[in-house]
Amino acid sequence: MLTLLLIVLAAVGLLVVMRREAGATPALAVLAVLGVIGLFFDASVIGILLLIGAAVIAIAGLPALRRQWLTPRLFAMFKKVAPKVSDTERTALEAGTVSWDGELFSGKPQWNKLLNFKDKGLREDEQAFLDNQCAKAAGMCNAWDIAQERADLPQQLWDYLKKEGFFGMIIPKEYGGLGFSAKAQSMVLQKISANETLMVTVGVPNSLGPGELLLKYGTQTQKDHYLPRLADGREIPCFGLTGPRAGSDATSLPDTGIVCKQTINGKDVIGVRLNFEKRWITLAPIATVIGLAFRLFDPENLLGDEEDRGITLALIPRDTDGMEIGRRHHPIGSPFMNGPIKGNDVFVPLETIIGGEKMIGEGWHMLVECLSIGRCITLPSGATGTARYALGWSGGFTRVRRQFNVPVAEMEGVQEPLARMASLGYIAQATVYQTANLIDHGEKPAVPSAILKSQLTEFQRNILADAMDVHGGKAVTLGPRNYLGIGYSANPVAITVEGANIMTRNLMIFGQGAIRCHPYVLEELAAKDANDIKGFDKAFFGHTGLIFGNAARAFTQGLGLGKQSTPFDRPANVYAQDIARLSAGFGLCADAAMASLGSALKKREMLSARLGDVLSNLYLASMVLKQWQAGDKVEGEEALLHYSCRFLLQRAEQAFVEIFDNFPNRLLGKTLKAIVMPTGRRWNRPQDDLARDIAKRVSTHSALRTKLLGNTWDKDDGEQRNPLARYNALLLDYDRAETLYRTLNKAYAKGELPQTALHPEQRVEAGLKKGLINEEDATFMREFEAKVLEMLTVDDFAYDAFASDKSTLINHNPDPSTTIPAATAEANVK
């Protein structure tokens, strides 16, 4: 009995020490004390074993001892197996900052660190711009007109965007820009994402424009010249990075610049002779100034002794000799300006290099640093805005569209996608807003930028697919009345650009985060490069303590013991505690993957992707909790909180299961599963009752629907019709209309109305005649049904409308009176 008791006490004591990462001394003390107790109370076998364990810990764990024999051996082994970090990878790792993503990697997230990023909201001028200028710009757009009729934004909209400073949101006011916060920039893009082409046109100059590059790295002369001109639209920028052979692997640029001399106006000028071919460059066809990435070489050593000077960025006027620009690509679904740029022996002076000579060779660092912010905002904000509009349209449509005498929104087959759309939109809103808030506090979130870009654009894809499904024929028939179909077809653009989602998920999120966000790996690699054995010892054994700590935390919390204390209220607390549990499991699995696979982990992309999925879902769930804690709650929002968190945690657990089942070392995979999920999975898909509740609220006039659609263009005050405003107006009158529907349909079912009264309008007139409703009700229903029919109507066109070459048209139904019979035609030929 004493032996069993000592074993239990030793296990519990070691788990406590491990959870706290208290180090070797407390662990040694636990085993030594229990070993002595065993010797004194006739449990000598277990006592001796415990003392042996204490001795092993002392030799291997106490710094003074281990540095004499263990650390040198480990250091030598580490040098052999540690992955080699290329200069390109090192630049990416050093770019940006680590914030909440680092907490999740630690396995013991400190929630107050996240909650301490307070949100001051939008400034008065930012909110006014959102309410007025953004609404007016959105009101000038009709997707069909832009995509099919003109393949461009209207001229008056271009003029308005320039006049109101849309292209200068990130440019400080002293240069004539708006000087908006990251949150305001995000909210603007969400509001104008009522039209995909408008959002892209405004978003790109405010991302990698190259306005941001100039702000961070430009010379004062470059800033003074270009920033005011970019802010007011006199200059339209683009940035040439990708090309036929350099897409996702942008560091393999084949485009070159050769430092040389050229005689200009009788003087020898040192400059760069460029040869390049770029594709898929947004705004290129109309750009007046082109940012360009290229590999710079100095074969004559005009700038120094080094020939290969590395990736460099320049800003080149459109009318520079040798530039070929103006042709267009045809992006799927959206005619935003996009096209190729070519240059043959284009000579530019050194002054065109962004940042001047001191920034030669710093191009990759500059790009990665700017992308870490831009990728957090532009496409994630567009995806979030799309989610708002798609949900608003879908909720309205499914409520006024009736089948089998009921709104289709009352059918569970429709309620399921409606709830899913609401949840994905809710998660996206929280994530993009709270991450922008981190940026406003000075963070440069590199790993979260990859999470947001890939996850939220995938959400957008799913939301648009659900929206298409619930709209049915209304959405698959294109025309001016179709507010959904063109945006749906354009979604692959968001999936592909700014880091294709396949690459981002499989290589970047975990691949970059495993080193960048880990508390110790970067220190270990730095110690290796510096041959610093003392630094390695500190980092390595700190890392070892973290591994044991995460194992203890994951296992005990998996058993429901020692749950983390959190600052959240009752509905959110359980999710915060489970994020902490899964964070510990994630940290353990990440270390197990790195330790067991070493440099081979780079090639295990499916494993890396699943580890990235865990991190992504934990990050998204954390942002939802932050938004919940900081924001004002409305009726029905708690159901959406539960649905969203369960959805994300279920996905995180599913990724864990796939990690365990596919871990290259099967025994290690089973061991990890036993530690991380000792009682199995906790989270299932959200319950149906949550879906029913959410679907009803987003398809009726409710506080939840109003909150989810906040800061959208929801007024019918633009130059183009606003379907969201019209659905909102119908939902305001829906309760009255539903009561009258029921009265008339019930009477019809009883035979009190003529069987020929098949249309709602006919039943209204028959009901009025029978005295079932009064004239006021009849007038209301006539107007209501006319508005409903207008929203259900799709466009039709002339037979020859879609043929660009009318001569190719086939007359499938010729007029017999004008057609010569075949036999007669043959006789005439003879």
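Predicted model: local features only at pLDDT ≥ 70, side-chain atom pairs only at ≥ 80, totals over all residues.
**Reading helices, burial and contacts**

Modeller: We start inside the fold.

Colleague: Which are the buried residues of H30?

Modeller: They are Pro723, Leu724, Ala725, Tyr727, Asn728, Leu730 and Leu731. Look at the start of the helix as well. There, a side-chain oxygen of Asn722 comes to within 3.1 Å of the backbone nitrogen of Leu724.

Colleague: Let me step back. How many helices and strands does the protein have?

Modeller: There are 34 helices and 9 strands. The C-alpha trace spans about 110 × 90 × 70 Å along the principal axes.

Colleague: What percentage of the residues in the protein is buried?

Modeller: Of its 830 residues, 53% are buried. The accessible surface comes to about 36,300 Å², and carbon and sulfur atoms account for 54% of that.

Colleague: How should I read contacts along the sequence?

Modeller: Ask how far apart the partners sit in the chain. Take contacts between residues at least 6 apart in sequence: 75% of them join residues at least 24 apart. The C-alpha atoms of Cys517 and Phe105 are 6.4 Å apart, although 412 residues separate the two along the chain.

Colleague: Where does Cys517 lie?

Modeller: Cys517 is in the loop between helix H21 (501–516) and helix H22 (521–530). A relative accessible area of 4% is under the 20% limit, so Cys517 counts as buried. Leaving out residues up to four places away in sequence, Cys517 touches Val98, Asp101, Gly102, Phe105 and Val447.

Colleague: Next, Asn550. Is Asn550 buried or exposed?

Modeller: Asn550 is buried, because its relative accessibility is 0%. Asn550 sits in helix H23 (residues 533–558). Its side chain makes a polar contact with the side chain of Arg553, at 2.9 Å. Beyond residues up to four places away in sequence, Asn550 touches Ser106, Gly107, Ala584, Gly587 and Leu588.

Colleague: And Asp145, is that residue buried or exposed?

Modeller: Check the limit again. Asp145 has a relative accessible area of 19%, which is under 20%, so Asp145 counts as buried. Asp145 belongs to helix H10 (residues 143–150). The side chains of Asp145 and Arg150 make a polar contact at 2.9 Å. Apart from neighbours within four places in sequence, Asp145 is in contact with Arg150, Ala151 and Pro154.

Colleague: Which feature does UniProt place at residues 361–501?

Modeller: The unreviewed entry gives "domain: Acyl-CoA dehydrogenase/oxidase C-terminal". Over residues 361–501 the chain is 78% helix and 3% strand, and the end C-alpha atoms are 28 Å apart.

Colleague: Last, charge. How many positive and negative side chains does the protein have?

Modeller: There are 91 positive and 92 negative side chains. The centres of the two sets lie 6 Å apart.

Note on methods. Residues numbered from 1 in each chain as written. Heavy atoms only, no water. Helix = DSSP H or I, 4+ residues; strand = E, 2+ residues; numbered from the N terminus. Buried < 20%, exposed > 50% of the residue type's maximum accessible area, 1.4 Å probe, protein only. Contact = heavy atoms within 4.5 Å. Areas by Shrake-Rupley, 256 points an atom, 1.4 Å probe, with all protein chains shown as cover. Lys, Arg positive; Asp, Glu negative; His and termini not counted. Charge placed at Lys NZ, Arg CZ, Asp CG, Glu CD. UniProt positions renumbered as here; feature names shortened; annotations may be inferred. Polar contact = N/O pair within 3.5 Å; in protein donor to acceptor, adjacent residues only side chain to side chain.
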